[in-house]
Amino acid sequence: SPYAKTLARTTRRPVDILHQATDPAVFTGEEPIAPPAPLLFVGNSRREYRRMVRWCVEEKLDVAVYGTLWEGLIPEPLIRGAHIPNEELGRWYAGAGVVLNDHWDTMLSGGFLSNRLFDASAAGAFIITDPVAGLAEVFGDAIETADSGPELAEKARAYLAEPERARAKAAAARDLVLAAHTFDHRADVIERTAIALLRSRGLLL
């Protein structure tokens, strides 16, 4: 949303938003797989110490990290694997106590919501993410945020101690995604827009 407003000031063309989306046939959350730690982070480091993982290390939170290029950045026992197959990823999200998400700085500044928010929500996961502009417009309060290590530790421990609260948030996020944020929804928007443009130019009756 923030980037759309910026872009609209630079062009005479209409600007709309097409958020990330998910495939609910893949991210079903059926037959959950419990990760080896209550907190789960799936993402590559790109040789950067990503904030959610760094906060876990600083706060001594028990997190399972899956992704590449983490060696030498975080304690070795936290690295549980380099890859989870996409067809299994929803099961891992669904089995986690907390799925952690963060955004690259360029995404934060433009309000580009991570695809993980949509995939993990579709799988029925409870998510804690860093604050990103536009999050509440899409998810309301169904996804929890943390802006520091101490805040992450406090919220993670609180929700792990009260799993029914986490499940309620997760269910709300899942309902929102399935209602409006699947690839079918995005394809419908693209199709309607293309038809409208073609008709406006007399290329379609």
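Reader: In what sense do strand 1 and strand 4 pair, and over how many bridges?

Author: Strand 1 and strand 4 pair in the parallel sense, over two bridges. Two strands pair if DSSP finds at least two bridges between them, so two bridges are enough here. One place to look is L40, which stands opposite V99 in strand 4. A word on the ground rules: this is a predicted model, in which local features need pLDDT of at least 70 and side-chain atom pairs count only at pLDDT 80 or more, while totals for chains, interfaces and linings use all residues. Residues are numbered from 1 along each chain as its sequence is written, and side-chain values use heavy atoms, with hydrogens and water left out.

Reader: What makes a stretch a strand or a helix?

Author: Both are DSSP runs, numbered from the N terminus: helices are H or I with at least four residues, and strands are E with at least two. Strand 1, for example, covers residues 39–42, and helix 2 covers residues 51–59.

Reader: How many bridges join strand 1 to strand 2, and how do the two strands run?

Author: Four bridges join them, and they run parallel. L39 has V63 in strand 2 as its bridge partner. Between the two strands the chain passes through helix 2, and this β-α-β crossover is right-handed. That word is used if, with the strands pointing away from the viewer, the path from the first strand over the helix to the second runs clockwise.

Reader: Which strands are the edge strands of the sheet?

Author: Six strands form an open sheet in the order 3-2-1-4-5-6, with parallel pairing. Strand 3 and strand 6 are the edge strands, as each pairs on one side only. Strand 3 is joined to strand 2 by two bridges, and Y66 stands opposite G81 there.

Reader: Which way do the side chains of strand 1 point?

Author: L39 and F41 point one way, L40 and V42 the other way, and all are buried. Strand 2 can be read likewise: V63 and V65 point one way, A64 and Y66 the other, and all are buried. In a regular strand the side chains alternate between the two faces of the sheet.

Reader: Why is F126 called buried?

Author: Buried means under 20% relative accessible area, exposed over 50%, and partly exposed in between (1.4 Å probe, protein chains only). F126 has 4% relative accessibility, so F126 counts as buried. Y159, with a relative accessible area of 5%, is buried too. L18 has 47%, so the term for L18 is partly exposed.

Reader: Why is K60 called exposed?

Author: Its relative accessible area is 71%, so K60 is exposed. K60 is found in the loop between helix 2 and strand 2, and has a positive phi of about 60° although it is not a glycine. Most residues other than glycine have a negative phi.

Reader: Why is the pair of F41 and W70 called edge-to-face?

Author: Rings of Phe, Tyr and Trp (its six-membered ring) pair if their centres lie within 6.5 Å; planes under 30 degrees apart count as stacked, over 60 as edge-to-face and the rest as tilted. The structure holds six aromatic pairs. In this one the centres are 6.1 Å apart and the planes stand at 90°, so the pair is edge-to-face. F41 is in strand 1 and W70 in the loop between strand 2 and strand 3, 29 residues apart.

Reader: And why is the pair of F126 and Y159 called tilted?

Author: The centres of these rings are 4.5 Å apart and their planes at 35°, so the pair is tilted. F126 lies in the loop between helix 5 and strand 5 and Y159 in helix 7, so the pair ties together parts that are 33 residues apart in sequence.

Reader: What sits over the ring of F41?

Author: The charged end of R116 does, 5.4 Å from the ring centre. A charge sits over a ring if NZ of Lys or CZ of Arg is within 6 Å of the ring centre and within 35 degrees of the ring normal. R165 lies over the face of Y159 in turn, at 4.3 Å from the ring centre.
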